[in-house]
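Grab the model and a pencil, and let's work through a few exercises together. Each one sets a task and then walks through a solution.

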Amino acid sequence: MDILNERQRVPAGPGRGARSRLLERAAVLATVQAVALGAHRTHGTDGERAAHGGRGVLVLGPPGAGRTELLAEAARRARAAGLTVRTAQGRELERGTRLGLMSQMSDTPWPRAAPRPPEDRPGTRTLLVVDDVQWSDPASLRRLLALLDAGPAEVGLVAAVREGERSVAAPLVVRLTHHPRLLPLRLHPLSADAVAQLVVDTLPRAGERTAAAVARRTAGNPFLVRELLSALAVRPCSTAGAEADGVVPDAVRRAVALRTAVLPRAARRLAEAVAVLGDGAPLHDAAALAGLDPAVAAYAADTLAEARLLRRGGPLAFAEPLTGAAVYAQLPAFARSRAHRTAAGLLRSRRGSAEPIARHLLAAEPEGDPEAVAHLHEAATRARGLGDAPSATRLLRRALAEPPPADRRAILLLDLARAQLDCGDPAAYGSAVQSLSLLGGDQVTERAEALRTLARICQARGDLAQAAARIEEALALPGAASASHEDLLADYLTFALFHPPLRTPADLRLMPVLEAARQGRPPRRPGLLAHAALRLALAGDRPSLVRSLAERAVAEDPLVDTTDAGTLGTLLSFVVRSLVLVGEIDTGHAVADAALAAAARREGPLAHATAAYHRALCRYHQGLLADARTDLTPRAGVDAWDGAADWNAALIAQVQLEQGATDAARRVLRDARPTAADPMGAAMLLHARARLALADGDPATALASSREAGESLARVYAIDHPVLMPWRTTAALAAHRLGDRDQATALALRGLDRAQELGVPEAVGDALTVTGLVGNPRPDPGPLEEAARVLRDSQARLACAHALVEWGTALRRTGRRRASEPPLREGLALCTRLGARPLAERARRELHALGLRPRRTALFGIHALTPAEHRVALLAAAGGSNREVAQALFVTVKTVETHLGRVYRKLGVRGRGELAGAVRQEREETVPRPDTGPDRRAR
């Protein structure tokens, strides 16, 4: 059989709605037209007529392939070419009517005036166009066959057969489909590109996800594509893609109902069983669910394959997933529930894994089955272990609805609270409280875990007092201070760290742990290791000891907290912060990278947000300002749990100030509200406001705010660490601008003493920089040169850029013009790479003052991207698909598609193939556009 399958698009444009149904049918239409015209030439040779396929064309295709639209277009073109066209269509209800098909053609009126080509011989040229031949009556089929065999040469035939339909005249249909004077043409499914074009025509704002879902569900069947798109068109654009996987259009339901109604009962039951079990079901399972003998089921499967409902061969699967969904939708609700319950029982009897059993139980009505509860719980545990907290939540809610035996309800509620906490669902609090109320006094281990989970939830809600109280309660349980003592103590210290009333008792509990670590006996559990690393870093202990403790803390899990899947990422923050405090910024960056990947795998929005913040912290100190700002982009799903708003606002503002985005920093700090429960975060926010005041030319406010921030940190937490909060730097610069040289000098020298006590290069270099700026009426190049030397060998590249520019500026202003050029050029190059625009402008102005003209390049490319666009660009350039990028950022696929479109335009690339190179080149070469901003650094 000669089958043509040339695919050719119908161009879009005016009238594309009418022509969109004929996508990839242009070649078939051209063949139909050529054969139809050639079959009726009365003056050609037999060889010429044979070259056109004899008497006509037979179009073959499954239901919904577009045969009717193709034949209608063929008839229209034939009329336009001067042929008389008579049409007919086989009808199911007329299969028993003798010559019913032929009578339709007799009733078809002849055209009143048909154009006649000059070469035509006298006589009438006629084309018979017959659709749904499989439903024709036997007598009409015999007439058609006789016409093909010995009818007038002026009569041609274009017929269509719907494959997969039973016919009362099956032998005659077979003869017709194999007739030597008919050229067979098969209509194949639409390609993915054609489906995508139809999606864009119908839903202009739809993206790749919608197109892929439509293509997958319809398998390219034109009828199914058209109906699914019509159903999606009435939905909001933002939800069409998400709903493409779940909607079943009414027209499809009706069409499938008509197709299945004529099938034998066994075939219908098997189709329903496959719809319940899902594609890929083995025949023996489908037979058991349908209640069929294996031999009967095998025959029914072949019948469904012949009807083009199922694919041929095993395992069983619908030809189009949307057809299977329509069969499933026909099942009454309770029958569907019972079928899923039976399917779960079948899998259970074969000792199948918990996940497929649980999927069926989710769709079944509760019946109080303890075994069902056990399977749901097991599946939820596995889902949460894989980081799929949303699925775990659904499974546990279903297990509780079964309902479970009374003695299992508390544990299920506790696991539900943990899964909800992973998701950032505020309902976690109620689940944990209810679980705790059901646990007996003798269930010590379970009560301790419930209290610990409740404490974590309180922490996420910002209620640190309640969090600490719950841990105190757990520590007081008899027997609780054995295996879980270190984990409980770590939790208590976590909550107490930010709750001043508990600071003293927490220090007393931690002191022995710190002394043991200094003597080479570190704690065993990751939580205490993280606490020890942070406290020793704040105290100025050896960087090597801090790094060792930090690396031990993340050895088992990048998120530190192996006991509860790193729900909040708080302990991770201690590890990264401790590394930054001792100058191990690159190591901190690597830890945050690993933690981000782990949080993305586990789909934990809270841990992901924490890891992103601390990677931004590292990037800020490294001077990767655009990357840092991208990491600080707000993420969906964490608003209700945001207990670190002060910290986020403070860091965002400081990054923006370094980038010269003073107005944006002002908006961020204006909207931020200090949290009373977190005095440390409030102090960070106050210091950021002091820096903004300095940039705005308000040194009095800057001086007062920075002093207040530093005093608050010392008073409440006994912390004085210039890398954590360099308040003396800001205060000294503010006092200097106010003309208070004595106060500025005193602050600078005290800051230098403290930095040298700690021995952290960033702190020392920063203190030397401010000392060189405020110690004399004019900047002193000596301390500034020393600052540049110290910082060149450090990982604090932003501080190094400041030192270089200040050193070069001081040299020029003290008359050493030739010596000032190298540090200014070095500083300008570094500022340019880092995106520190105000500082780069200062370096450029100083070089101009030397009579030099450094190259100025307008900002374009990667620095034109918004933080959200930049983050999407980086992940896409690394090879992430749109879905993977969306999951990593906790946004929708549509959002990713929108951002990528803007990224392509701003970077001047045509797609993903060029994105990676463009991002890499831009990050290395782009020179930022100058902007106005503070002419002195206050860090």
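**Exercise 1. Find which strands helix α4 lies across, and how α4 runs relative to β3.**

Step one: locate helix α4 at residues 67–80. Helices (H or I, at least four residues) and strands (E, at least two) are DSSP runs, numbered from the N terminus. Step two: look for contact, meaning heavy atoms within 4.5 Å. You'll find α4 lying across β1, β2, β3 (126–131) and β4. Step three: take the direction, and α4 runs at about 170° to β3. Axes here are lines fitted to C-alpha atoms, for helices over the stretch in contact, and angles run from 0 to 180 degrees between N-to-C directions.

Before going on, note that this is a predicted model, where local features need pLDDT of at least 70, side-chain atom pairs count only at pLDDT 80 or more, and totals for chains, interfaces and linings use all residues. Residues are numbered from 1 along each chain as its sequence is written, and side-chain values use heavy atoms, with hydrogens and water left out.

Now try helix α6 (residues 138–150): it lies across β3, β4 and β5, and runs at about 135° to β4.

**Exercise 2. Work out the strand order of the sheet.**

Start with the pairing rule: two strands pair if DSSP finds at least two bridges between them. Applying it gives an open sheet of 5 strands, β2-β3-β4-β1-β5, with parallel pairing. From one strand to the next, the twist averages 15°.

Zoom in on one pair: β1 (residues 56–61) and β4 (residues 155–162) pair in the parallel sense over 6 bridges. There, leucine 60 is opposite valine 161 in β4.

**Exercise 3. Describe how α37 and α38 pack.**

Two packed helices are described by the angle between their axes and the distance between the axes. For α37 (residues 727–737) and α38 (residues 741–758), the angle is about 160° and the axes are 8 Å apart. Angles under 35 degrees count as roughly parallel, over 145 as roughly antiparallel, 65 to 115 as roughly perpendicular and the rest as oblique. So α37 and α38 are roughly antiparallel to each other.

Next, who touches whom? Trp727, Arg728, Ala731, Ala732, Ala735 and His736 of α37 meet Gln743, Ala744, Leu747, Ala748, Arg750, Gly751 and Arg754 of α38.

**Exercise 4. Do the packing again for α41 and α43.**

Helix α41 (residues 797–813) packs against helix α43 (residues 837–849) at about 25°, with axes 10 Å apart. That makes the two roughly parallel. On the α41 side, the contact includes Ala801, His802 and Val805; on the α43 side, Leu839 and Arg842 are among the residues involved.
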